[in-house]
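Here are my notes on this model, in the order I would go through them with you. Have the viewer open as you read.

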Amino acid sequence: MNTSLTNAARLLGAGLRALLVLTVVTGIVYPLAVTGVAQALFPAQANGSRIEAADGRVVGSSLIGQAYDLPAADGHSAPEPDLRWFQGRPRGGLGTNTVNTRYDLLLSGATNRSADDADLVRWVTQAKRAVVEDNSVPGHPVRPSDVPADAVTSSGSGLDPHISPEYADLQVRRVAERNGLSVERVRRLVDEHTAPRTLGFIGEPRVNVLELNAALRDLRGPTAGR
């Protein structure tokens with residue numbers, strides 16, 4: 001009996017020591033080491049890829065898109081896009097072809113509908129009509145054939161902050177007119193925020209809408225809206 005108790009006590013002690021060591025190593029040492037390395041080598045990514053305006057205010061993350069809307073007048077209907085700003089891929093308002101209608105992190109996902117799905121075709125048609133209407137300015141109408149695919153379809157997650165350079169360029173005249181800026185200055189702003197293919201061959205050129213609008217806000221001045 002005494003031998004059994006001694007063995008049990010020894011095993012219990014060994015288990016408790018292992019628990020203590022593993023708790024310290026995996027619960028304290030390892031997280032601190034990983035955090036330290038991340039902060040030292042990748043501070044921007046480790047802190048959420050935050051985007052700051054010229055005044056130092058954090059306006060969002062470069063990984064997550066945002067809506068640029070005017071509040072609904074009655075508080076219930078769908079908000080209208082605030083056309084002073086560059087718009088991202090559709091979510092609510094401009095074709096609800098995604099389960100994520102407000103860049104809501106809790107609703108990330110896609111519809112997974114087929115290309116010939118009747119609802120998807122209707123959403124895309126509505127989105128294309130809205131893009132044409134919103135971006136046509138006097139003397140420079142937008143044709144339906146000018147509208148790129150990313151202007152009328154959501155990303156797989158519904159959270160993508162990027163658009164194609166073609167879609168950004170389509171919005172240049174409207175943004176310039178709404179903000180009292182020259183077309184050349186706004187187009188140069190788009191060019192400055194167009195990222196090339198990763199490593200020169202991965203993916204496609206892209207424009208981060210949040211970064212672009214943050215730069216547009218700084219260009220407009222400190223009294224500009226969000």
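How many bridges pair β6 with strand β7 (residues 206–208), and in which sense?

1. The pairing of β6 and β7 is antiparallel, over two bridges. Helices (H or I, at least four residues) and strands (E, at least two) are DSSP runs, numbered from the N terminus, and two strands pair if DSSP finds at least two bridges between them. Across this pairing, Ala 195 is opposite Arg 206 of β7.

2. A word on the source: this is a predicted model, in which local features need pLDDT of at least 70 and side-chain atom pairs count only at pLDDT 80 or more, while totals for chains, interfaces and linings use all residues. Residues are numbered from 1 along each chain as its sequence is written, and side-chain values use heavy atoms, with hydrogens and water left out.

3. On confidence, pLDDT (the predictor's confidence in each residue, from 0 to 100) averages 85 over the protein chain, and 85% of the residues score at least 70. Please look at residues 92–99, where pLDDT stays under 50 and the model has 27 contacts (heavy atoms within 4.5 Å) beyond four places in sequence.

4. Back to the sheet: it is open, has three strands in the order β5-β7-β6, and pairs them antiparallel. β5 (162–163) and β6 (194–195) are the edge strands with a single partner each, so one side of each has no neighbour in the sheet. Helix α6 lies across β5 and β7, at about 55° to β7; axes are lines fitted to C-alpha atoms, for helices over the stretch in contact, and angles run from 0 to 180 degrees between N-to-C directions.

5. Helix α6 (residues 209–220) also meets helix α5 (residues 183–192): their axes come within 10 Å and cross at roughly 140°. The two are therefore oblique to each other (angles under 35 degrees count as roughly parallel, over 145 as roughly antiparallel, 65 to 115 as roughly perpendicular and the rest as oblique). Arg 185, Leu 189 and Val 190 of α5 make the contact with Leu 212, Ala 215, Leu 216 and Leu 219 of α6.

6. Elsewhere, helix α3 (residues 118–135) packs on helix α4 (residues 165–179) at an angle of about 40°, with the axes 8 Å apart. From α3 the contact takes Val 131, Asp 134 and Asn 135, and from α4 Tyr 167, Leu 170, Gln 171 and Arg 174.

7. Five residues lie between the strands, and Gly 56 has a positive phi near 90°.
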